Amino acid sequence: EKSGHDHFMHKEIFEQPISIADCMRGRLNAEKGELTLGGIRNYAKALENAERIIIIACGTSWHAGLVAEYVFEDLCRIPVEVEYASEFRYRNPVIKEGDIVIAISQSGETADTLAAIELAKSKGAIVLGVVNTVGSSISRVSHEGAYLHAGPEIGVASTKAFTAQLTVLYMIALKAAFNKGTIAENRFREHLRELSLIPAKVEKALKTNDKIEEISDLFKNASNFLYLGRGYNFPVALEGALKLKEISYIHAEGYPAAEMKHGPIALIDENMPVVVIATRDSSYDKVVSNIQEVKARKGVVIAIVTEGDSLIPGMADFTIEVPATHESLMPLVSVIPLQLLSYHIAVMRGANVDQPRNLAKSVTVE
Ligand code: M6R
């Protein structure tokens with residue numbers, strides 16, 4: 001079952017070039033400039049014309065939703081709210097007829113997400129499910145949706161489902177934007193091409209494994225970690241921190257890098273490893289300043305950078321290179337070293353990687 005891997009999580013991390021390709025198979029044709037999402041037909045127009053989109057999810061799926069917020073707003077120019085399902089369902093939310101709710105769930109069985117969907121439906125919203133498990137409860141109660149086609153995810157820590165969620169959400173946004181006319185054909189085609197190159201880039205990002213293993217050995221006994229990112233990489237910082245806490249039991253926090261000076265900067269000293277996602281994008285210069293702020297307080301910086309970066313290696317204590325891509329697609333690549341970091345640290349600490357204490361693969365109680 002583990003096909004030669006020590007853990008399901010290891011297998012699932014290394015499977016991602018394939019699972020992402022599987023997710024695009026039959027849907028995306030970069031040469032022809034075609035994108036087909038068979039699962040979203042009847043409500044495709046409703047999505048394009050929506051006045052707002054509400055995304056509901058929990059945990060890692062919620063992080064995928066945060067990335068999607070930036071993507072939908074940028075490409076489709078539709079306002080997006082991203083909500084924890086557990087908060088949404090209990091706070092008398094404003095939902096109007098015709099609002100689009102996108103529910104994201106790997107298992108399709110998360111109790112809070114399911115209840116939030118029922119609430120949204122009762123108020124006239126159209127629910128699109130982004131689900132991995134075929135035939136699951138959430139896939140059945142959604143009006144329409146798109147499956148991840150990532151294959152079963154067994155490890156409690158979500159890895160390949162996250163990258164497949166990003167891929168599906170990106171395709172949904174791209175298709176709606178093109179049909180709506182908020183992006184021109186050449187930009188649409190360019191995004192399709194970039195997306196089609198992602199599996200090969202993820203494959204390359206996986207080559208950071210050995211270096212990450214060495215870094216893991218140096219930090220396996222740390223008691224706190226901070227993860228920082230901006231823009232599209234902000235949700236990746238949250239996801240990196242979640243991965244570390246859930247399987248290695250090390251306290252970790254993810255923050256938008258600029259928020260550091262509003263509090264968390266007080267935590268930084270020479271014992272604090274700070275993982276900064278600092279790939280080349282529109283917030284690069286700002287992130288570089290944030291790295292300087294951490295270094296000025298003697299923090300230890302582990303930076304995830306774009307291949308060929310010549311500035312950050314001179315500032316950070318450790319740098320990990322990942323291939324360049326469009327900034328909106330970078331989370332698919334930049335999350336890979338963070339998944340590997342949490343995996344290696346957990347293994348080195350002797351933790352039960354696939355079944356961490358106190359956690360279940362799908363949370364079917366509220
Ligand atoms: O099956 P779902 O995507 O609805 O699950 C949501 C969360 O329970 C899940 O992502 C959880 O946070 C993972 N253990 C994170 O790795």
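A residue is called buried when its relative accessible area is under 20%, exposed when it is over 50%, and partly exposed in between (1.4 Å probe, protein chains only). The structure is a predicted model, in which local features need pLDDT of at least 70 and side-chain atom pairs count only at pLDDT 80 or more, while totals for chains, interfaces and linings use all residues. Residues are numbered from 1 along each chain as its sequence is written, and side-chain values use heavy atoms, with hydrogens and water left out.

Helices (H or I, at least four residues) and strands (E, at least two) are DSSP runs, numbered from the N terminus. Two strands pair if DSSP finds at least two bridges between them. An open sheet is formed by 5 strands in the order E4-E3-E5-E6-E7, with parallel pairing. Strand E4 (80-84) and strand E7 (144-147) lie at the edges; each has a single partner strand, so one side of each is left without a neighbour in the sheet. From one strand to the next, the twist averages 20°. Axes are lines fitted to C-alpha atoms, for helices over the stretch in contact, and angles run from 0 to 180 degrees between N-to-C directions.

Strand E3 (residues 53-57) pairs with E4 in the parallel sense over 5 bridges, and Ile 56 has Glu 83 of E4 as its bridge partner. Helix H4 (residues 59-76) packs on the sheet, where it touches E3, E4 and strand E5 (100-105). Contact here means heavy atoms within 4.5 Å. The direction of H4 makes about 175° with that of E4.

E5 and E6 run parallel and are joined by 6 bridges; Ser 105 stands opposite Val 131 in E6. In strand E6 (residues 126-131), 6 of the 6 residues are buried, so the strand is largely enclosed by the rest of the structure. Both of its faces are covered, with Ile 126, Leu 128 and Val 130 buried on one side and Val 127, Gly 129 and Val 131 buried on the other.

In helix H2 (residues 16-24), the buried residues are Gln 16, Pro 17, Ser 19, Ile 20, Cys 23 and Met 24. Their cover includes helix H1 (8-14), strand E1 (28-29), helix H8 (160-180), H9, H10 and helix H14 (330-348). Just after H2, Gly 26 takes a positive phi of about 75°.

The axes of helix H9 (residues 185-196) and helix H10 (residues 198-205) come within 5 Å and cross at roughly 40°. The two helices are therefore oblique to each other; angles under 35 degrees count as roughly parallel, over 145 as roughly antiparallel, 65 to 115 as roughly perpendicular and the rest as oblique. Glu 194, Leu 195 and Ser 196 of H9 meet Ile 198, Pro 199 and Lys 201 of H10 in this contact.

The structure holds 0 disulfides, a disulfide being a pair of cysteine sulfur atoms within 2.5 Å. The sulfur of Cys 76 is 17 Å from the closest cysteine sulfur, in Cys 23, which is too far for a bond. Cys 76 is buried, at a relative accessible area of 0%, whereas Cys 58 counts as partly exposed at 25%.

Ile 320 lies in strand E12 (residues 318-322) and is buried, with a relative accessible area of 1%. Beyond its neighbours within four places in sequence, Ile 320 is in contact with residues including Thr 208, Ile 212, Val 305 and Pro 337.
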